[in-house]
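Good morning, and thank you for coming. Please look at the sequence and the structure as I show them, and follow along as I speak.

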Amino acid sequence: MAILLPGGAGYIGSHTAVELLNDNKEIVIIDNFSNSNPSVLDKIKKITGKDFKFYEIDYTNREELEKVFKENKIDSVMNFAGYKAVGESVQKPIEYYYNNVCGALILLDVMRKYGCKKFIFSSSATVYGNPEIIPITEDCKVGGTTNPYGTTKLYIEQILKDLYTSDNEWSIGILRYFNPVGSHESGLIGEEPQGIPNNLMPYIVRVANKQLEELSVFGNDYDTPDGTGVRDYIHIVDLAKGHLKMLEKLNNENNGLFIYNLGTGTGYSVLDMINAFEKSTGETVKYKIAPRRPGDIATCYADPTKAKNELNWKAEKGIEDMCKDSWNYIVKNK
Ligand code: WQD
């Protein structure tokens, strides 16, 4: 009985694959390498000493996807195949809605056809738009997303809620990620954004590594302690482990639809992150204050109580681990 990981060669998928294999789970990875690198597959095997089946396919190709279900007994699916760059989604809405939303629909339809009704979805804190309450709980209003990427997450959450209403034999876990950062301690796998990074940490490490000139801090006039944006950064390994806890709960419950914030409950500003990175690594991050980035919000961090109480999951790694592991990946892959 295998767990299928569409996008399992990507940043979040590969770290989750490592934790599943370390937990002696059988996995099958499918990926088309549109936002990942084939070398990651061998690195997953090197880290875990475990093997797994892999198919180079596009999960939106129904015929190829059905082949995977025909050839393997898939018991559950964790979907990591969504495109996830906020800025890119504004430029390429068709690609984002097709890959993320149509891809999810094709995946769920094929799952249904083969009697597989256990699904974990990578959602995002962006579904809260400009959150009405901080720290954010799962019953905080969703909507008001400010980019196609966030809206695809909102749409897929609605699809899953409607699916469960139509057939409560499904077991569905919706995990709302806050800001994933860091890398596996081995330094073998990590975040490899294509082109100029949109996200803060990948940009910081490339400035420290002299690949980029300096960091633009997008605004220091927000209503936050130091005026810069505050976010809930969570170590990628903690995030990955949250998926194992979610799967455990779906396996223990007969069925249901469950929603959890995966965050630390602590918010750090951009300047906090720069200072923490420099302190943890001894490296220097050159930066300048720049205008606000359109679509950004001032503050976003989680109340992670529900995941603690219901999944027995809590983020263990702190900001120093996140900075050190992010830098270690760059150093190990120079
Ligand atoms: C964090 C803070 C920026 C870059 C998005 C998605 C979320 C998730 C992570 C996929 C903000 C500031 C950033 C820079 C800066 N996506 N910043 N200079 O926008 O909170 O979240 O990415 O997993 O779903 O919504 O993340 O890292 O882009 O920004 O000052 O060069 O850093 O203004 O305050 P964000 P981010």
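Predicted model: local features only at pLDDT ≥ 70, side-chain atom pairs only at ≥ 80, totals over all residues.

Helix H5 (residues 93-113) and helix H6 (residues 148-166) have axes that come within 9 Å and cross at roughly 20°. Helices here are DSSP runs of H or I with at least four residues, strands are runs of E with at least two, and both are numbered from the N terminus. The axes are lines fitted to C-alpha atoms, for helices over the stretch in contact, and the angles run from 0 to 180 degrees between N-to-C directions. H5 and H6 are therefore roughly parallel to each other, because angles under 35 degrees count as roughly parallel, over 145 as roughly antiparallel, 65 to 115 as roughly perpendicular and the rest as oblique.

Residues are numbered from 1 along each chain as its sequence is written, and side-chain values use heavy atoms, with hydrogens and water left out.

Let us turn to helix H7 (residues 200-208). Its axis and that of helix H11 (residues 319-332) come within 10 Å and cross at roughly 55°, so H7 and H11 are oblique to each other. Their crossing is right-handed. H7 also packs with helix H9 (residues 270-281), at an angle of about 40° and with the axes 11 Å apart. H7 and H9 are therefore oblique to each other, and the crossing of H7 and H9 is right-handed.

Which residues come nearest to the ligand? They are Ser124, Leu200, Ser216, Arg231 and Asp296, out of 19 residues around the ligand, where a residue counts as near if one of its heavy atoms lies within 4 Å. This shell divides into eight nonpolar, seven polar and four charged residues. In this scheme, Ala, Val, Leu, Ile, Met, Phe, Trp, Tyr, Cys and Pro are nonpolar, Asp, Glu, Lys and Arg are charged, and the others, Gly among them, are polar. Strand S8 (residues 215-218) gives the most to the shell, with four residues.

An oxygen atom of the ligand is 2.7 Å from a side-chain N or O atom of Ser124. For the side chain of Asn179, the corresponding distance from a ligand oxygen atom is 3.0 Å. A nitrogen atom of the ligand lies 2.8 Å from a backbone N or O atom of Ser216.

Finally, two loops. A cis peptide bond, with omega about -5°, joins Ile134 and Pro135. Pro135 is found in the loop between strand S5 (118-124) and H6.

Terms used:
Polar contact = N/O pair within 3.5 Å; in protein donor to acceptor, adjacent residues only side chain to side chain. Left-handed = near helix turned anticlockwise from the far one by under 90°.
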